[in-house]
Amino acid sequence: MDYQNRAGSKFGGGGVASTSATNADRRERLRKLALETIDLDKDPYFFKNHVGSFECRLCLTVHQNDGSYLAHTQGRKHQTNLARRAAREQKEGRAGTDPVTGLPIGMVGAQVSVRKNVVKIGRPGYKITKIRDPVTRQQGLLFQLQYPEISPDVQPKVRFMSAYEQKVDDPPDKNFQYMLVAAEPYETCGFKLQAREVDRTNDRFWTWWDSDLKEFWVQVMFKTEREERYSGVPGLAPAGLPRR
């Protein structure tokens, strides 16, 4: 470290570097060393989040710039976690990874599924209607989504997600669940619903894709409070149906 050219010191006098200056110089040396051995584009643990910070998926740390992340990769915590992961994979009998492709050695040259990079064109139009069964008095929702520019041979897919799986509402609220509808090249639509059990019996829950009008229909019926409370009790008939 060059001590004699420090601000406020005489030529040849040098002076003692402060703790912050020493740490800054150490991080810069580690960053330069990491740049010679690490390619961030191929680092499986390097992740840039939505706020512009950098995260290490292995150590679960957050860094303000790539230099801080590179210095972290040369530190004791990251190297220890790398050694622990390698030991665990060796113990579980997993194959090593190829340094070029990042795939397991046994899969190099094999045919693997590659995630497609699809350019999203926005969200589809949708309409939501509240419905109610006059017999069982069940409440539900009817979703109608329009996909006029959907990709050929693609049908929308539906998935239910708990509040603890999503990362939009923080902290998660256990009183709600989320219904996701995905269809390329549109963005995935998420609908926030009450965390009530969905009735999937007797075609209460169904989906229908109209390939001519490019419309996707989803009906969701919720179980009544009585059915949720006594679900699975032998000999109990559903609400609105006669007992035998």
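Is Arg123 buried or exposed? With a relative accessibility of 67%, Arg123 counts as exposed. That value, like the others here, comes from a predicted model.

First, the overall picture. The protein chain has 244 residues, and 29% of them count as buried. It carries 4 helices and 10 strands, and from the N terminus on the elements run α-β-β-β-α-α-β-β-β-β-β-β-β-α. Take the contacts between residues at least 6 apart in sequence: 44% of these join residues at least 24 apart.

Now for the charged pairs. Arg123 pairs with Glu187, with 3.7 Å between the closest N and O atoms. This pair links distant parts of the chain, since Arg123 sits in the loop between α3 and β4 (125–132) and Glu187 in the loop between β7 and β8, 64 residues apart. Glu187 is partly exposed, at a relative accessible area of 33%.

Asp133 and Arg204 make another salt bridge, with an N to O distance of 2.3 Å. Asp133 belongs to the loop between β4 and β5 (139–146) and Arg204 to the loop between β8 and β9 (206–210), so this bridge ties together parts that are 71 residues apart in sequence. Here both Asp133 and Arg204 are buried.

Arg85 and Glu89 also meet through their side chains, at 3.5 Å from N to O. Both are in helix α3 (residues 76–91), and because they are 4 residues apart, about one helical turn separates them. Arg85 counts as partly exposed, at 27% relative accessibility.

Then there is a charged residue without a partner. Glu215 is buried yet has no salt bridge. What is the nearest side chain of opposite charge? That is Lys127, 9.4 Å away; a salt bridge would need the nitrogen and the carboxyl oxygen within 4 Å. Glu215 is found in strand β10 (residues 215–221). Leaving aside residues up to four places away in sequence, Glu215 touches Gln144, Leu145, Gln146, Trp208, Trp209 and Asp210.

Last comes a look at open space. The second largest pocket holds about 390 Å³. Its lining is made up of Met161, Glu165, Gln166, Lys167, Val168, Tyr178, Leu180, Gly190 and Lys192. Strands β7 (176–182) and β8 (189–194) are the elements that give two or more residues to this lining. By residue type, the lining of the second largest pocket divides into 4 nonpolar, 2 polar and 3 charged residues.

Terms used. Residues are numbered from 1 along each chain as its sequence is written. This is a predicted model: local features need pLDDT of at least 70, side-chain atom pairs count only at pLDDT 80 or more; totals for chains, interfaces and linings use all residues. Side-chain values use heavy atoms; hydrogens and water are left out. Buried means under 20% relative accessible area, exposed over 50%, partly exposed in between (1.4 Å probe, protein chains only). Lys and Arg count as positive and Asp and Glu as negative; His and the chain ends are not counted. Contact means heavy atoms within 4.5 Å. On a 1 Å grid over the protein atoms alone, a cavity is a set of points where a 1.4 Å probe fits but cannot get out, and a pocket is an open set with protein on both sides within 12 Å along at least five of seven lines; lining residues have an atom within 4 Å of a point. Grid points are joined across faces, edges and corners, and a volume is the space filled by probe spheres set on the points. Ala, Val, Leu, Ile, Met, Phe, Trp, Tyr, Cys and Pro count as nonpolar, Asp, Glu, Lys and Arg as charged, and the others, Gly among them, as polar.
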